[in-house]
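Colleague: Thanks for sitting down with me over this one. Could you put the model up so that we can go through its ligand sites together?

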Amino acid sequence: MSNDPNRSRVFDALDKFAIEIPSWGFANTGTRFGKFTQAAAAACIEEKFADAAEVNRLTGVTPTLALHVLWDLPRGLADIGKIKELEENTGVRAGSINPNLFQEADYKFGSIANPSPEVRAKAVAHLIDSVEIGKALGSAEVSLWIADGSNYPGTQSMRRRIGWMQEALAQTHAALAPGQIMLVEYKPFEPAFYHTDIADWGMALELSRGAGPQAKVLVDTGHHYQGTNIEQIVAWLLELNALGGFHFNDRKYADDDLTIGSIDPYQVFRIFHEIHFECIVRGAKKMPAFMIDQSHNLKGKVEAMVQSVVTAQELYAKAALVDQQKLAELQDACRLVEAEEEFRGAFWQDVRPLLREWRVSKGLPPDPMAALRESGYVEKISEERGAKNAGGASSYA
Ligand code: LRH
Ligand code: MN
């Protein structure tokens with residue numbers, strides 16, 4: 001046991017850290033220009049739970065799997081029994097329930113913001129089904145990402161669409177069970193390229209507040225224009241007690257869904273700092289739900305997921321090393337360089353030896369990525385699933 005002064009801070013932080021992983025992170029995904037399929041990819045819910053169980057076996061901090069309704073419960077409530085069986089067999093619990101209102105032809109001009117009352121009613125019915133699935137599985141969150149928008153100025157009334165969304169979200173909120181949280185995720189563009197109905201944190205905040213007290217905002221790292229100060233948005237949402245969840249990933253340009261910390265780890269550190277300070281140090285707010293939302297188009301999917309969880313742990317542990325009291329004194333005294341060195345100094349710390357120690361203290365492999373390689377798990381599933389996943393690449397048109 002090291003006598004590293006940071007040991008207790010890091011151990012305390014890690015004891016309270018868990019992050020949800022997305023079922024779709026294990027599946028063959030791509031871009032509009034193509035999909036490079038992998039032999040080891042998960043093609044069904046059983047394989048997604050199996051891969052999630054492997055990640056949790058190696059890291060110990062991913063007890064829940066985010067489910068996307070159309071992809072993971074195509075028969076809706078009729079699939080609950082199967083999910084419960086998988087929870088039993090794998091020890092991984094169903095996490096946030098993600099409705100899908102962006103795939104079906106009916107939603108070409110929108111779902112809850114569509115001018116057609118029939119289409120809006122269909123969309124609301126899917127949202128309420130998703131709430132019922134969440135209740136049946138005991139999931140804490142129903143996580144809404146609404147892709148609605150338009151591609152050309154003048155083609156849709158942005159004003160009238162606001163009212164339609166407010167109605168739909170109020171109906172969905174009314175269906176929630178006590179304690180169930182409805183997360184409203186915003187995104188500035190894609191798939192819509194002129195306006196997106198829920199484009200930024202202000203719109204998501206207003207809509208969630210309008211819907212009711214169990215509605216909160218979900219921040220996805222990749223859903224911001226270049227140069228946006230995401231940790232400032234996080235500070236505001238914490239101040240307003242409106243931050244319900246986080247989708248972590250990374251990006252160089254747009255919603256690239258790259259692995260967390262691969263492009264700008266310092267940004268994730270700054271975000272974790274705001275959350276750790278408010279929720280743990282001050283204990284003033286409920287910890288938001290941490291989730292990974294990535295698509296692994298080129299990296300091995302289980303490998304990328306383990307790497308992402310380890311990276312999230314490392315960056316969270318670094319954020320816990322900031323001496324908040326000292327920092328506040330330096331900030332309020334406007335001793336800029338000293339404050340920056342106290343803040344950034346924590347980011348420079350190599351916390352990996354302490355993480356290894358923490359894992360061993362929990363009976364976990366000290367180096368999850370090495371343990372994955374040594375386990376032969378990926379080779380095994382490639383063998384089992386290869387034939388089914390054969391087919392290489394798909395084309396855009
Ligand atoms: C939209 C999004 C949303 C998910 C989807 C897979 O870009 O971030 O959270 O439903 O990715
Ligand atoms: Mn997301």
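Colleague: How many Å separate a polar side-chain atom of Lys187 from an oxygen atom of ligand 1?

Modeller: Happy to look, bearing in mind that this is a predicted model. Lys187 is one of the residues that surround ligand 1. Its polar side-chain atom and an oxygen atom of the ligand lie at a distance of 2.9 Å.

Colleague: Nice. Which geometry does the site of the manganese ion (ligand 2) have?

Modeller: The ion is coordinated by Glu185, Asp220, His247 and Asp293, at 2.1 to 2.2 Å. There are six donor atoms, with angles among them of 71 to 168°. Six donors count as octahedral if opposite ones are over 155 degrees apart and all others between 65 and 115. The site is therefore classed as octahedral.

Colleague: How many residues apart in sequence are the parts that Asp220 and Asp293 tie together?

Modeller: Both Asp220 and Asp293 are buried. Asp220 belongs to strand β9, whereas Asp293 sits in the loop between β11 and α10, so the pair links parts of the chain whose separation in sequence is 73 residues.

Technical notes
Residues are numbered from 1 along each chain as its sequence is written. Chains are lettered from A and ligands numbered from 1 in the order in which they are written. This is a predicted model: local features need pLDDT of at least 70, side-chain atom pairs count only at pLDDT 80 or more; totals for chains, interfaces and linings use all residues. Side-chain values use heavy atoms; hydrogens and water are left out. Donors are N, O and S atoms within 2.8 Å of the metal (3.2 Å for Na, K and Ca); water is not among the atoms, so sites may look incomplete. Four donors count as tetrahedral if all angles lie between 85 and 135 degrees; four count as square planar and six as octahedral if opposite donors are over 155 degrees apart and all others between 65 and 115; anything else is irregular. Helices (H or I, at least four residues) and strands (E, at least two) are DSSP runs, numbered from the N terminus. Buried means under 20% relative accessible area, exposed over 50%, partly exposed in between (1.4 Å probe, protein chains only). A residue is near a molecule or strand if one of its heavy atoms lies within 4 Å of it. A polar contact is a pair of N or O atoms within 3.5 Å; within protein, one must be able to donate a hydrogen and the other to accept it, and residues adjacent in sequence count only if both atoms are side-chain atoms.
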